[in-house]
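Today I opened the model to look up its charged side-chain pairs. My notes follow, in the order I checked things.

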Amino acid sequence: MPLLHRLFSPRQSQLPGAIALLLALTGCQSQHPVESVNNPITINKQGKPTSKNKKASNVSDEVETEARKVDAREQQETTVEITDLWQRIQEGLDLNLNQTNRRIQKELRLYKNNQHYFDLIATRASPYLYFIIQEVENRNMPLELALMPVVESAFDPFAYSHAGASGLWQIMPATGEHFGLKQNWWYDGRRDVVAATHMALDYMQSLYEMFGDWELALAAYNSGPGRVQNAVRKNTKKGKSTRFWYLDLPDETTSYVPKLIALGKIIQKPEKYGINLTHIPNQPFFVSVETGGQLDLAKAAKLAGIPIAELYKLNPGLNRWSTPPEGPHHLALPAKKAEFFKNRLTSLPMDKRVQWRRYNVKPGDSLNKIAKEYRTQVSLIKEINSLESTMIRINQPLLIPVPAKNAEEYSLTLGQRQKARQNRSVSGRQKYAYIVKPGDSFWTISRKYRVGVNELARWNNMAPKDPLRIHQKLAVWVKNANNNDKVVRKVSYKVRPGDSLSRIADKFNIGVGNIKDWNTLDAKYIQPGQQLTLYVDVTRAYD
């Protein structure tokens, strides 16, 4: 985890009531459309984007012809083609980057001279940044907004926060649902780069319409519009400024806008802060190609001539081994491979796009058992076999879609990512495989093994509020009984506003049950100002 930031910023849950207040959204077409690769964007003397097809004044034919020649010569001498995406962002920065205060300075100190972090961002952002910039420009929005995924997820398309936010833009489930993003067993639109970018910018447009200020809109994106509205009303009643910098907001939100402004300052003048921005070509990295129906991703990768891991990184919204049966029926592919893929796909018969297996029902079978065995869904088996219920009989023939390759080949499916996370070792601890039983929750399991709720969820690539399934396998990393390297210290901790037993347990890497035992607590609630006695292994605290 980098020193300056976590790789993703967990989102404060946005209240359904607040979301319902959003104004009706209307798509805003660009007044300055992005030039194609054959007619690249250039910069004139004033440093503004311009087209190479600029017309001269409407005067007499002779004067007009001469004016065109002069204009052409001037433009040839003064325009510079933008070949780098960071330069393109520099030309579209529109927030107040001249302002400075202690919060902005703090973020600048964290970013300054941290070349490794910006190298990581450039590597992760390179497949997605052209598309995001183009979408922001098409809406005439400040290009600082194209940097939001840096703050949200460090441009990790698979980022998942403890609050349940997901994807580059760290979209909460309720927010995604409100804006029409599909979220099901096969697909999560919050991670789909195209769909999520459209949604995030729609959301930002609606927030800007609501507040009339980009800094307030950004704060509302982080903590929810209702919370920002309440803070504005509170300051209005007190006769105080309603600018972002004077509002009483959560700590995460008070640092959110300064982070983005600090990033804007660094992108604007990287050399001033000791940063070298890795070149990212100003050209499309991927294009979206229609598949015309369900398609096995192993076959898709073979048709495109790319590794399957690269296909998943361009299509991180896909949870399973194929595109969803009910859609969306498209794939993002490297721009250089798109035509090659389309030509090969047209020669692949529809019945060969997904592998099918004929199965005869055996004693003890159920649709749920069969679906789990073949890594598919009960509803899909029912639909394909025209079943009206889940009742099946022995020797009944079923047609089942199955992956063309072994599970390990689909290395970035939701299940494989979860398995990789569960197997990531934790220093000083031993892994215990726990099978979820009826009535279990993260809370009950964490108490049983004296671990934090948040860390238990994190070990399993989940959020504490995610539902558990009976028979689901969880990884629990328990402290080694023979760990002689402990350095335990008695700590007196004063409960702060917003604290909970779970939050304190996670902060010091101890169990909730431990805190209750040490302080003879019967109730699960604690009060601000209350003193707690903790016994903390200082070699493991904050792991």
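I looked up Arg190 and Asp188 and found both buried, where buried means under 20% relative accessible area, exposed over 50% and partly exposed in between (1.4 Å probe, protein chains only). Arg190 and Asp188 form a salt bridge, with their closest N and O atoms 2.9 Å apart. I take that term as a side-chain nitrogen of Lys or Arg within 4 Å of a carboxyl oxygen of Asp or Glu. I also noted that a salt-bridge network links Asp188, Arg190 and Arg191.

A reminder on how to read this: the model is predicted, local features need pLDDT of at least 70, side-chain atom pairs count only at pLDDT 80 or more, and totals for chains, interfaces and linings use all residues. Residues are numbered from 1 along each chain as its sequence is written, and side-chain values use heavy atoms, with hydrogens and water left out.

Next I checked Glu215, which pairs with Arg243 in a salt bridge at 3.7 Å, N to O. Glu215 sits in helix H10 (residues 214-223) and Arg243 in the loop between helix H11 (225-238) and helix H12 (251-268), so the pair ties together parts 28 residues apart in sequence. My helices (H or I, at least four residues) and strands (E, at least two) are DSSP runs, numbered from the N terminus. Glu215 counts as buried at 8% relative accessibility, while Arg243, at 39%, counts as partly exposed.

How many salt bridges does the structure hold? I count eight.
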